[in-house]
Amino acid sequence: MNSLTNTLYSNKHIGVLMGGASAEREISLRTGTAVLKALRAKKYQAHSIDVTASIAQALLKKKIAVAFIALHGKGGEDGTIQGTLEMLHIPYTGSGVLASALAMHKGMTKIILRYHRIPTADFQVITAETIERVDFHRKITVPLPLVVKPIAEGSTIGTSIVTHKRHLRSACRQAASCDRSILLERFIEGMEITTGIVDGKALPLIEIVPRDGFYSFRSKYTPGSTDYIVPARITKASAAKIQHLSLRAYHALGCEGVARVDLIVSHHRKQPYILEINTIPGMTETSLLPMAARSAGIEFDELVEKMLHTARLKEIQPEGRLK
Ligand SMILES: Nc1ncnc2c1ncn2[C@@H]1O[C@H](COP(=O)(O)OP(=O)(O)OP(=O)(O)O)[C@@H](O)[C@H]1O
Ligand SMILES: [Mg+2]
């Protein structure tokens, strides 16, 4: 960290944006609280800001000069708040408007990955209207077993694995209660891996082993229900390949700052498939990005400080940049 950057931030009001109205509000509050604590421990003037419709007034009133975005899901991870901060000329952490919007939308992510020939499972996007059609089953091109997901959710909300045709419609209806578009993706039987990215480099890989076999909302947030193995139990060559693929995916979407790339390595072909890219990964003390960072010797507070120092305006007005 150079001293110029330190001086630039030390006397500024930093807003930790958290909460919001997404389905992941509670997780965001946990992320935000942990970030706030770390910034204060490092003596920054950090303020907690719960995001509501009057966010612009709140930021201006509190004279926030830098925004640390600790939001997950809609309104926070999808380019919306990033656009607001661009308009207000407030530098912010992480990815810009476009990369955030693309990464939040699992269908657009996969289209871009395919364009770059980055492996991702076969898929199809349908709209909620299709579910109620009499010829619904004939419209589905992805073979069973498959995974049904809302197009832009997180934390496995609204997601299910479908093994029988008779469960397909109800799984799609469940996903449609979150989003008007639904992603159907070929189920990949294999080892679940996540790649943390910090400072443009891939961290040691985490292998995720949910005790009940599915990395559901419950498995993600109930302590003891999932085993995490760092580094993942794969060869050095496979790990290097996955890290390289994860970085390619990050760059293909135009991500900035930290991110976390989720993958499955098929048991059958030993082929890694990218599931998605999280531009605002969970940042509680027990979250995966801090876990991977710690295994690379980066403690939580230091990771948060590194993230703060990625804050900048990305889209417009170069004179507003905090470099
Ligand atoms: N194609 C697939 N094959 C096998 N399992 C899958 C597949 N897609 C998703 N899963 C399972 O569902 C979980 C959630 O999927 P995904 O990571 O795409 O969604 P998410 O809800 O956005 O996750 P996050 O909490 O990381 O934002 C994965 O962690 C994985 O366990
Ligand atoms: Mg995921």
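User: Which residue in β13 stands opposite Arg-260?

Analyst: Strands here are DSSP runs of E with at least two residues, and helices are runs of H or I with at least four, numbered from the N terminus. Two strands pair if DSSP finds at least two bridges between them. In this predicted model, local features need pLDDT of at least 70, side-chain atom pairs count only at pLDDT 80 or more, and totals for chains, interfaces and linings use all residues. Residues are numbered from 1 along each chain as written, while chains are lettered from A and ligands numbered from 1 in written order. In this case, Arg-260 faces Asn-278 of β13. β12 (residues 259-266) and β13 run antiparallel, joined by six bridges.

User: How many residues lie between the strands of that hairpin?

Analyst: Five, and Lys-270 takes a positive phi near 60° in this hairpin.

User: How many residues of β13 are buried?

Analyst: Buried means 20 or more other C-beta atoms within 10 Å of the residue's own, with C-beta atoms placed from the backbone; 12 or fewer is exposed, and in between is partly exposed. In a regular strand, side chains alternate between the sheet's two faces. For β13 (residues 272-278), seven of seven residues are buried.

User: Which strand gives the largest share of the shell around ligand 1?

Analyst: A residue is near a molecule if its C-beta atom, placed from the backbone, lies within 6 Å of it. β13 gives the largest share, three residues. Among the 19 residues around ligand 1, Leu-275 is one of those that come nearest, as are Val-147, Gly-154, Ile-188 and Tyr-215.
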